[in-house]
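Welcome to my notebook. I am writing down what I looked up here, step by step, for anyone new to it.

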Amino acid sequence: EELVAKAIAPVKREYLRPPPLTVLVKEKKSRRQLKRERQQEQKSPLHICPQVAKIGNVNACRYDGNCRFSHDLEAFKALKPADLEGICPFCPYGLACRFSGTHKKKSSEMNGLSKDVQKILWKNKMSFPRADSQLKQLGLDTRSLKKPKDSCLKLNAREKKLIDFRGKLYLAPLTTVGNLPFRRVCKALGADITCGEMAMCTNLLQGQASEWALLRRHSSEDLFGVQICGAYPDTVARTVDLIDSECNVDFIDINMGCPIDIVVNKGAGSSLLTKPMRMKNIIQAASGTVDKPLTVKVRMGYFEGRNRVDSLITDICHWGASSVTIHGRSRQQRYSKLADWDYIYQCARKAPDALQVLGNGDIFSYTDWNNHISDCSKLSTCMIARGALIKPWIFTEVKEQRHWDISSGERLSILKDFVHSGLEHWGSDSKGVETTRHFLLEWLSYTHRYIPVGLLDVIPQQSNWRPPSYFGRNDLETLMASDSAADWIRISEMVLGRVPAGFSFAPKHKSNAYDTAENG
């Protein structure tokens, strides 16, 4: 009871061990040093021209002497790392591929950005007839526009396609770690609904390939949406118009709850909670542009103790949203303290019947899920975020109504599935292998927080419990419990081979919910 009160996980005494010695963190490299290393890497024979590697002929490159890649095939073959075990999942890489198995040509992914569309976006010549017509009707047009050939009338409620979210297991859109290979893992473990990582509207409209990659969808994602974030009605409406034309999605979610400074300072994300008229204009403009369901994700409010979503819940429905997901924290809280589910219930009870309300925050077991669904009948479903990052088999637990004492071997198999999907998604050449390793390590920076069911005195584990230092039931389980990046790298080497010389890793995301016990 004392440990739980201090938010420390009550691990059985026989598994506890002294905390490891603190490891000194390497000093971060300067931008100049990183740039110099990149330039040296480009000069290396390992930086082989993709076209030369694919064809196996030094004359295959159309840029000839102006190519920034190496054309030295013999030097590349001499320096190329040893092939990985297994069969290549998807390969246009030719000699650069790190697998010696058969190559298949067909990919199961969709929603890629075509070169033709990208060039039009680069030149700012893309037309958005539906969005521009809707903006004009609402008096929100902000630029000189050509009159569309066909007038686009605002869709009324009965013309809107609807999705029934009730009772479905929804994997939240998760920045960085919620990538396509991770979503495939969650689908295999029981997730019903998946959503792409948050994409910024301005970057999509500019044709940035890295931002469009966030919209990619795998064929296994049978109920899939994308999440976008923007500060102004015209930007969001045109992005929705573009996505509807170029992508295959079931719904579009607008993020109005992101707490990150760089997003908030641009007037997007949770900043919109302080500007209800801007919220109204964005939702109306986007909803009237497409017939796909439009959903919204918000927090309770911007400032702690000054919640305001309950006063907007009816308006959100009337503005055109099909559903709203409420994260039970304010922007000021970020991810600290426990989510306020009582407030989520209050909003759900106030919502009109036409608006589906979803709850989000601290779901870490099937009992958490059951409690929230039973406590408020007006709640359509719950969105699972960090719980899925730490233990993606939570979807299996909810569907099978059990606490799964998953073995370390089963957990390693899940990591192998992620790696296979990652190599198919990011590529099976050396660059693709290291990209897969990077995102695997980002994920492992979350998974080490999981404490096996059989090691706990009290079950289930709570999301705010900080794991003490403990031994697992075997060496692999002990390794998986380590909070050291060096051990995460060791795990990555078990599934992706040795890391390159000089490799280092520091996780991008550190949730402050695990910094101090007081955070709860």
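**Entry 1: buried or exposed**

I started with a term: buried means under 20% relative accessible area, exposed over 50%, and partly exposed in between, with a 1.4 Å probe and protein chains only. I then looked up Arg402, which at 32% relative accessibility counts as partly exposed. Before going on, I noted that this is a predicted model, where local features need pLDDT of at least 70, side-chain atom pairs count only at pLDDT 80 or more, and totals for chains, interfaces and linings use all residues. I also noted that residues are numbered from 1 along each chain as its sequence is written, and that side-chain values use heavy atoms, with hydrogens and water left out.

**Entry 2: the whole chain**

I looked up the secondary structure next, and the protein chain has 21 helices and eleven strands. Both are DSSP runs numbered from the N terminus: helices are H or I with at least four residues, strands are E with at least two. Of the 520 residues in the protein chain, 53% are buried. I also checked contacts, meaning heavy atoms within 4.5 Å. Among those between residues at least 6 apart in sequence, 70% join residues at least 24 apart.

Ala5 sits in helix H1 (residues 2-5), and at 68% relative accessibility Ala5 counts as exposed.

**Entry 3: salt bridges**

Side chains of opposite charge can pair when their charged atoms come close. For a salt bridge I used this rule: a side-chain nitrogen of Lys or Arg within 4 Å of a carboxyl oxygen of Asp or Glu. How many salt bridges does the structure hold? I found 24 of them.

I went back to Arg402 and found its side chain in a salt bridge with that of Glu400, at 2.6 Å from N to O. Glu400 has 45% relative accessibility, so I put Glu400 down as partly exposed.

Next I looked up Lys292 and Asp244, whose side chains form a salt bridge at 2.6 Å, N to O. Lys292 lies in the loop between helix H12 (276-287) and strand E8 (294-299), and Asp244 in helix H10 (residues 233-246), so this pair ties together parts that are 48 residues apart in sequence. Lys292 counts as buried because its relative accessibility is 13%. Asp244 is buried as well, with a relative accessible area of 14%.

Then came Arg437 and Glu434, with a salt bridge of 2.9 Å, N to O, between their side chains. Both lie in helix H19, three residues apart, which is about one turn of the helix. I found both Arg437 and Glu434 buried. I also traced one network, in which salt bridges that share partners join Arg130, Asp241, Asp244 and Lys292.

For packing angles, axes are lines fitted to C-alpha atoms, for helices over the stretch in contact, and angles run from 0 to 180 degrees between N-to-C directions. Under 35 degrees counts as roughly parallel, over 145 as roughly antiparallel, 65 to 115 as roughly perpendicular and the rest as oblique.

I looked up helix H19 (residues 430-447) and helix H21 (residues 485-496): their axes come within 10 Å and cross at roughly 135°. H19 and H21 are therefore oblique to each other. Residues of H19 in this contact include Val433, Arg437 and Leu444, and those of H21 include Trp488, Glu493 and Leu496. By class, I noted nine nonpolar, three polar and two charged residues in the contact of H19 with H21. Here Ala, Val, Leu, Ile, Met, Phe, Trp, Tyr, Cys and Pro count as nonpolar, Asp, Glu, Lys and Arg as charged, and the others, Gly among them, as polar.

Helix H18 (residues 408-426) packs against H21 too, at an angle of about 65° with the axes 10 Å apart. That makes H18 roughly perpendicular to H21. In H18, Leu412, Leu415, Lys416, Val419 and Leu423 meet Ile491, Met494, Val495 and Leu496 in H21. The residues of this contact divide into eight nonpolar, no polar and one charged.
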